[in-house]
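Thanks, everyone. Please have the structure open.

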Amino acid sequence: MTTNSAHQATADREIVITRTIEAPRDLVFTAFTDVRHLAQWWGPNGFTTTTRAFEFREGGVWEFTMHGPDGTDYPEWITWREIVRPERIVLRHGESADDPNAFESILTFDDEGEATVVVMRTIFPTAELRDQAVLKFHAIEGGQQTLGRLAEYAMNQNNAEEGQ
């Protein structure tokens, strides 16, 4: 199966969000892979994150709770399936390790000189779960906001480093 036909086979189950970030790729990748940085920007606007466990390595796990602006807590679990520093991360994301509705995200970090293009491709087990994530949980807007928060955080970090 070619890459194009594999993509076509999952098109009805996926969400793809792209964001250009005005910061170098190494900095953006580190902001995505260091728990001290993740805590500063992870999640849609108004959300905060509390980490219970974090080990960034293939097979490692990030267990955390996202706190919504309305006070709702969302238990979350991620395992890192593939890490190619600083260009690619593949992860599995659900509410827990045994979540049958967990989805896979493939993140790529493309070097564009002083900027980085981040592509987040999320593949759900079924088209129905993808549609539920879009309609009930506003996954597209939430993903765009999350990458927007990453962009703002990385640009601030980059400006701070340049100012030293």
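H5 lies across E1 and E7. Its direction runs at about 20° to that of E1. Keep in mind that this is a predicted model.

Now the sheet itself. Seven strands build it, and it is open. Read across, the order is E1-E7-E6-E5-E4-E3-E2, with antiparallel pairing. Which strands sit at the edges? Those are E1, residues 14-21, and E2, residues 48-54; each has pairing on one side only. From one strand to the next, the twist averages 25°.

Look at the E1 side. E1 and E7, residues 115-123, run antiparallel and are joined by eight bridges. For a landmark, find isoleucine 17: methionine 120 in E7 stands opposite.

Next, H2. This helix also packs on the sheet. H2 touches E1, E2, E4, E5, E6 and E7. Against E6, residues 103-112, the direction of H2 makes about 155°.

That leaves the two helices together. H2 covers residues 25-33, and H5 covers residues 139-162. They pack at an angle of about 125°, with axes 10 Å apart. The crossing is right-handed.

Who makes the contact? From H2, it's Leu27, Val28, Ala31 and Phe32. From H5, it's Leu150, Tyr153, Ala154, Gln157, Asn158 and Glu161. By class, that contact has seven nonpolar residues, two polar and one charged.

Methods:
Residues are numbered from 1 along each chain as its sequence is written. This is a predicted model: local features need pLDDT of at least 70, side-chain atom pairs count only at pLDDT 80 or more; totals for chains, interfaces and linings use all residues. Side-chain values use heavy atoms; hydrogens and water are left out. Axes are lines fitted to C-alpha atoms, for helices over the stretch in contact, and angles run from 0 to 180 degrees between N-to-C directions. Helices (H or I, at least four residues) and strands (E, at least two) are DSSP runs, numbered from the N terminus. A crossing is left-handed if the near helix is turned anticlockwise from the far one by less than a right angle, and right-handed if clockwise. Contact means heavy atoms within 4.5 Å. Ala, Val, Leu, Ile, Met, Phe, Trp, Tyr, Cys and Pro count as nonpolar, Asp, Glu, Lys and Arg as charged, and the others, Gly among them, as polar. Two strands pair if DSSP finds at least two bridges between them.
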